[in-house]
Amino acid sequence: MLEAVMVKRLRDFTLDFALTVQPGEIMVLMGGNGSGKSTTLNIISGLIEADTAMITLNNQCLCRTKDDVDVPVEDRRIGYVLQNSAVFPCMTVRDNIAFGLRARHLGWSVIAERVALWMDRMHIADLADVKAGNLSGGQKQRVALARALVIEPGLLMMDEPFTALDVESTQAVKDLTRRFVKKIQIPCIVVTHRVTDSTDIGDRACVLCQGRKEWEGIPSEMPEICSVCHCK
Amino acid sequence: MIPKRFRPKKYRRNLTYLAAGILIVGVTLYLALPILALFIRISPDLFFATIHDPEVISALWLSLFTTCITLAVVILVGTPFAYYHCRYSYPGKVVVDTLIDLPLVLPPAVAGVALLVLYGRVGLLGKYFNMLGIPLAFTTLAVIMAQIFVASPFYLRQAKSLFEQLDPAYEQTARTLGASSLRTLTLVTLPMTASGLISGAVMTFGRALGEFGATIMFAGNLPGVTQTMPLAVYVGMQGNVNVGLTISILLVIISFTIMIAVRIIQKREAGHA
């Protein structure tokens, strides 16, 4: 389970936000541009520091500013799919997926086995030796998802994962994400600005507006217009 | 009725072609003729005979040795410098940015005088080095220092711009996957910027190889010690013209090879993009 409380002063407003995500649950984080969605993910992952924060993942404290506890980003074991997938274009699909395992200095046979398993699960086994830079948007997103999940993370986070994808690829990535989050029972946060994404994939949705929680509930019950800034 | 001042379309097009042709041929000839003249001025037999002249060989090896050392230092120090310079904000960053570019517009002779004033035998720092028995000016080390000062901006500017342009999402992803910052730099950042860094290194090599003004001011013109190829050309043209011409042709060949290498790398880079 993920429990996070954070405060960070941003340029135009203060991000003051708390969220809880249960294992196997997909929380969709929504909001307009610059509402603090990506900053929230970056604080949870440890990429940026909050002014004050308390983040606990599966009963392990990742960050507690009060006691100066801050687990480094590389030790948080969070699978994070950033915007535009960020697959390493000069590496093959296999090397992309193996990257996190190699960083953890696992044995080559374990790496080969796990990489093969995840390539198979994501239906990209035939692309193993293709340079990631030559893949289509949908294929890149599958590689990014496999790369994030192969490290056996305690939490999966995805920032605008469907933005650059066509309808077919979007559906495929949604299905894969949902299937594996349920299968391995980890909490998952998906940032998106499309309501259809939240109803398709989310168990719960949360709307952020100028750094504050505007609404939280079942995606299908989400209000159409934010009452604070009237963003859709 | 069509006014007289309007010419037929074909006529106007031909006029444009003619103007473009004159410009292209004129500029090309202006750039190419002096180079061609070098090759015409000396016969191949004389060129190959002069190439074995001890003066030529000494200048060639000294130039290649110092330029390779310069390149190694610029890459090894310049790469992490450019990386940290781009990734962190610090007071005076704008001043450092300007200083990086300064040697590009500074006359090389002025750079040489500045180095001499600082590191010369009675220079601000040089006198202390001299007291320690480490003379800097008028040594082979001075040649390398002058080359680094004048040529390093070519690499630093390129590296800086590459690191700035690289989407931070790649490095952030690597970190969340468990890679340390060093591993991220070596396995993600450098491979993704390699082609551009190589182009910068090649340009640095070319500039260092052709360095004249700063070298003659700070390192002098001692055969076998500080007399690099451009300096040997200068000396040769005042005495043994064939030596000057032979070294000039060698420099043209090396420069041309460098430009071809840069073009190939840039083409490869464009293909990957």
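Which residues do ring pairs link into a cluster in chain B? In this predicted model, the cluster is made up of B:Tyr83, B:Tyr84, B:Tyr88 and B:Phe163, joined by ring pairs. Counted over all chains, the structure holds 8 aromatic pairs. One of them is formed by B:Tyr84 and B:Tyr88, whose rings are stacked, with 5.9 Å from centre to centre and 20 degrees between the planes. The angle explains the label, because planes under 30 degrees apart count as stacked.

A second ring pair in chain B has another geometry. The ring centres of B:Phe212 and B:Tyr234 are 5.6 Å apart and the planes meet at 65 degrees, so this pair is edge-to-face. The two residues sit in distant parts of the chain, 22 residues apart. B:Phe212 belongs to the loop between α9 (181-209) and α10 (213-218) of chain B, while B:Tyr234 lies in helix α11 (residues 229-238) of chain B. Here too both partners are partly exposed, B:Phe212 with a relative accessibility of 28% and B:Tyr234 with a relative accessible area of 41%.

Rings in chain A also meet charged side chains. A:Arg121 is placed over the face of A:Trp118, 4.6 Å from the ring centre. A:Arg147 is placed over the face of A:Phe88, again with 4.6 Å to the ring centre.

Turning to the strands of chain A, 5 of them form an open, antiparallel sheet in the order β2-β1-β4-β5-β6. β2 (14-21) and β6 are the edge strands; each has a single partner, so one side of each is left without a neighbour in the sheet. Strand β1 (residues 2-9) of chain A pairs with β2(A) in the antiparallel sense over 8 bridges, and A:Val7 has A:Asp16 in β2(A) as its bridge partner. Further along the sheet, strand β4 (residues 52-57) and strand β5 (residues 60-64) of chain A are joined by 4 bridges, also antiparallel. In this pairing A:Leu57 stands opposite A:Gln60 in β5(A). The hairpin of β4(A) and β5(A) has 2 residues between the strands, and A:Asn58 in this hairpin takes a positive phi near 50 degrees.

A:Asp68 counts as exposed, because its relative accessible area is 72%.

A:His105 is exposed, with a relative accessible area of 65%.

How many strands form the open sheet of chain A in which the pairing is mixed? There are 6, arranged in the order β7-β8-β9-β3-β10-β11. The edges are taken by β7 (78-81) and β11 (212-217) of chain A, each of which pairs on one side only. Neighbouring strands of this sheet are turned by 20 degrees against each other on average, with direction ignored. Among the pairings in it is that of strand β3 (residues 26-30) with strand β10 (residues 204-209) of chain A, which is parallel and runs over 4 bridges. Within this pairing, A:Met30 stands opposite A:Val207 in β10(A).

Notes:
Residues are numbered from 1 along each chain as its sequence is written. Chains are lettered from A and ligands numbered from 1 in the order in which they are written. This is a predicted model: local features need pLDDT of at least 70, side-chain atom pairs count only at pLDDT 80 or more; totals for chains, interfaces and linings use all residues. Side-chain values use heavy atoms; hydrogens and water are left out. Rings of Phe, Tyr and Trp (its six-membered ring) pair if their centres lie within 6.5 Å; planes under 30 degrees apart count as stacked, over 60 as edge-to-face and the rest as tilted. Buried means under 20% relative accessible area, exposed over 50%, partly exposed in between (1.4 Å probe, protein chains only). A charge sits over a ring if NZ of Lys or CZ of Arg is within 6 Å of the ring centre and within 35 degrees of the ring normal. Two strands pair if DSSP finds at least two bridges between them. Axes are lines fitted to C-alpha atoms, for helices over the stretch in contact, and angles run from 0 to 180 degrees between N-to-C directions.
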